[in-house]
Amino acid sequence: MKTAQPPIGGGFAVIRNRRRAGRSLAWAADVAPKSRGSLPATGLGHGWEPAIIITLIGGLLLFGLLTLHSASSEMAQRAGLPHYHYVARQATGVALGLAAMFACAHVPTGFWRRFAPHLMLGSLALLIVVILPFTHAIAPEINGARRWLRVGVTVQPSDLAKLAVVVWTAALLVRKQDQLRNLRRGLAPFLVGWAFILFPILLEPDLSTACLIAATGVIVVFAGGARIGHFVFLALPLLPLAGSILVSGYRGPRWRSLLLEPGTAVDGSAFQSYQSLVAIGSGGVTGVGFGEGRQKFGFLPEAHNDFIFAMIGEEWGFAGAVAVILCFLALIVVGFRIARQARNLFCQLLAVGIVSLIGLQAFLHIGVGLGVFPATGLSLPFVSFGRTNLVVMLAAVGILLAVAREAPGGEA
């Protein structure tokens with residue numbers, strides 16, 4: 001029986017194909033990147049994560065300036081100011097914040113670990129100055145609260161305290177790793193340190209910022225290995241005190257309106273929440289159009305700050321609101337990825353704290369706009385008017401980029 005013979009020239013064809021394949025593989029090896037995609041020209045980190053972070057932040061900043069102009073132009077003109085007054089002020093905050101972000105991205109993370117106690121003490125000193133009875137000249141009462149220092153520029157010390165608590169908690173967690181299982185020597189020092197910061201903030205009063213700082217600190221400590229049973233043990237006896245604080249003063253009617261009379265048009269505590277829902281509901285799927293919103297004409301107080309998400313819902317509709325939410329979700333996911341790849345425990349906890357701070361503040365603000373929470377004074381990061389918060393948040397992003405830059409394989 002004859003065996004099948006390969007076609008004439010078949011062997012030469014195989015050799016030619018193999019040579020071509022070898023040349024193709026060699027060419028591909030020359031042009032293919034030998035490491036992950038990076039941003040070598042900026043020095044802000046290597047890998048695709050910093051690129052995504054910078055893109056998201058840039059988009060939120062530009063969108064924030066557009067939305068702020070629409071939300072604040074009418075208010076500025078009523079006060080006899082140019083229509084671009086608040087946007088111009090916010091633009092200076094953007095410039096300062098970007099400078100802080102670039103600077104912090106190049107500062108070694110070890111610097112923050114060494115100077116964490118100094119950040120806490122500096123923040124505490126500023127918070128005490130705000131509430132002293134004889135400092136009204138530089139810390140005036142605005143809308144029933146003393147939260148700002150006016151020393152040539154207006155600064156909100158509680159915003160600085162947010163980042164200080166994150167850095168200090170991460171640094172102390174590294175030192176307390178072998179003691180976290182002990183309530184007195186492990187968790188108690190964190191509670192004492194937080195109390196020094198939270199007490200003056202509550203006296204301003206600013207309950208929402210105090211809750212945000214406490215929640216962020218708890219997340220960082222839990223990520224560092226603390227026992228959840230300790231938190232439960234401490235929370236049970238504090239529940240009555242927390243409940244009394246939540247319903248005291250102006251906060252009680254707000255909770256009552258939210259829980260017992262949701263969506264009702266009242267002239268008191270629920271007025272802002274009701275107008276916010278009206279704005280979002282009138283936006284529909286695609287919104288009424290940029291600059292065409294009506295709630296900014298005196299119906300919705302603080303439309304440029306505490307309720308800017310409602311303005312987004314009105315002018316950009318459901319699509320715009322979802323886009324903003326997706327941006328923050330992407331920022332959180334990429335930020336936690338940077339935390340997972342960090343080079344040491346301190347960098348991991350620092351990244352977790354920064355991402356948690358930005359994410360919690362963003363979604364608490366969005367929850368207020370949607371009527372899930374009563375009205376608070378929390379702004380939407382990178383979007384709402386407020387230069388201190390903007391600069392601090394951008395500086396925090398810079399520290400996150402530094403963590404990415406120092407990750408294994410992240411340095412040039």
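**Burial, cores and aromatic pairs in a predicted model**

Colleague: Why is Cys104 called buried?

Modeller: In this predicted model, Cys104 has 10% relative accessibility. Buried means under 20%, so Cys104 counts as buried.

Colleague: What makes Cys211 partly exposed?

Modeller: Its relative accessibility is 40%.

Colleague: How many disulfides does a search of the whole structure find?

Modeller: The search finds zero disulfides. A disulfide would need a pair of cysteine sulfur atoms within 2.5 Å.

Colleague: Why is the pair of Phe190 and Trp194 called tilted?

Modeller: The ring centres are 6.3 Å apart, and the limit for a pair is 6.5 Å. The planes of Phe190 and Trp194 stand at 50°; stacked requires under 30 degrees and edge-to-face over 60, so the pair is tilted. Both residues lie in helix H7 (residues 183–203), four residues apart, about one turn of the helix.

Colleague: How do you know whether Phe190 and Trp194 are buried or exposed?

Modeller: Phe190 has a relative accessible area of 0% and Trp194 one of 6%. With the cut-off for buried at under 20%, both are therefore buried.

Colleague: Which residues touch the most other members of the largest nonpolar core?

Modeller: Of its 81 residues, these are Ile53, Phe328, Ile354, Leu380 and Phe382. Not counting residues up to four places away in sequence, Phe382 touches Phe328, Leu331 and Met393, among others. A second, separate core of nine residues includes Ala71, Ala279, Leu300 and Ala303.

Note on methods. Residues are numbered from 1 along each chain as its sequence is written. This is a predicted model: local features need pLDDT of at least 70, side-chain atom pairs count only at pLDDT 80 or more; totals for chains, interfaces and linings use all residues. Side-chain values use heavy atoms; hydrogens and water are left out. Buried means under 20% relative accessible area, exposed over 50%, partly exposed in between (1.4 Å probe, protein chains only). A nonpolar core is a set of buried Ala, Val, Leu, Ile, Met, Phe, Trp, Tyr and Cys residues joined through side-chain atoms within 4.5 Å. Contact means heavy atoms within 4.5 Å. Rings of Phe, Tyr and Trp (its six-membered ring) pair if their centres lie within 6.5 Å; planes under 30 degrees apart count as stacked, over 60 as edge-to-face and the rest as tilted. Helices (H or I, at least four residues) and strands (E, at least two) are DSSP runs, numbered from the N terminus.
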